[in-house]
Amino acid sequence: MLNFFERLEDGEKVKIEVESEIERYRDNPWLLSIFLHLDSSDTKADNYLEFLRLKGSLIISLEDEDRTGYIGSRTVNGWTEFYFYSKNNDGIKERGGDTLQFEPYDYESHVEKDSEWSFYHRKLEPTPEEAKQIALKKQRAKEINTDD
């Protein structure tokens, strides 16, 4: 299940999407980061459907049972950053590039070993306060849907 929240980092608003069902990937030590110059922060923007198509293509091309999994994304300063953790680094950077190579957007990708998931804990994992806000939003949405 995906959770959405925002935080301020160095005075910049960062929109974060994080997958909550990540236990099956916890032993995967390789972090793949893909930075796409496509702002996904405005769901009403003309290019939002294009963003969703590209995001879906990336996830489909990179997820591989328990070997590679989508963990989340961050949107800041007009860039959307996607993060995956993988059991090994064989070809995962290339698979992401294969998906984006003919798209009209600039992108960068990077693979690094992160056995302790330090990036996830610093930049994606909700703080206790953010987790409370996520739970409140879900509860409100549930109440609205049951009132209909």
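**Entry 1: around T80**

I began with the neighbours of T80: leaving out residues up to four places away in sequence, T80 touches I34, F35, L36, L38, D39, S40, F51, S73, R74 and T75. I keep in mind that this is a predicted model. Next I looked up where T80 sits, and found T80 in strand β5, residues 79-86. Is T80 buried or exposed? T80 is buried, because its relative accessible area is 0% and the cut-off for buried is under 20%. I then checked the side chain of T80 for polar partners. It makes a polar contact with the side chain of S40, at 3.0 Å.

**Entry 2: the nonpolar cores**

L36 was on the list for T80, and I followed L36 next. Not counting residues up to four places away in sequence, L36 touches L54, G78, W79, T80, F82, L100, Y105, D106 and Y107.

I then asked how many residues the largest nonpolar core has. The count is 18. L32, I34, L36, F82 and F84 have the most contacts inside this core. I noted the elements that give two or more residues to the core: β3 (30-36), α1 (48-62), β5 and α2 (92-100). Which element gives the largest share? That is α1, with six residues.

I also found a second, separate core of 16 residues. V14, Y25, Y85 and Y120 are among its members.

**Entry 3: the salt bridges**

I turned to charged pairs. The count came to 11 salt bridges. I looked at three of them in detail.

R74 was another neighbour of T80. The side chains of R74 and E9 meet in a salt bridge, 2.8 Å from N to O. R74 lies in strand β4 (residues 68-76) and E9 in strand β1 (residues 2-9), so this pair ties together parts that are 65 residues apart in sequence. Both R74 and E9 are buried.

R74 has a salt bridge with E81 as well, with the closest N and O atoms 3.0 Å apart. I checked burial for this pair. E81 is buried, with a relative accessible area of 11%. For R74 the value is 6%.

E9 also forms a salt bridge with R7, and here the closest N and O atoms are 3.7 Å apart. R7 is buried, and E9 is too.

Last, I asked which residues are linked in a network of salt bridges here. I wrote down R7, E9, R74, E81, K123 and E130.

Methods
Residues numbered from 1 in each chain as written. Predicted model: local features only at pLDDT ≥ 70, side-chain atom pairs only at ≥ 80, totals over all residues. Heavy atoms only, no water. Helix = DSSP H or I, 4+ residues; strand = E, 2+ residues; numbered from the N terminus. Buried < 20%, exposed > 50% of the residue type's maximum accessible area, 1.4 Å probe, protein only. Polar contact = N/O pair within 3.5 Å; in protein donor to acceptor, adjacent residues only side chain to side chain. Contact = heavy atoms within 4.5 Å. Core = buried A, V, L, I, M, F, W, Y, C linked by side-chain atoms within 4.5 Å. Salt bridge = Lys/Arg side-chain N within 4 Å of Asp/Glu carboxyl O.
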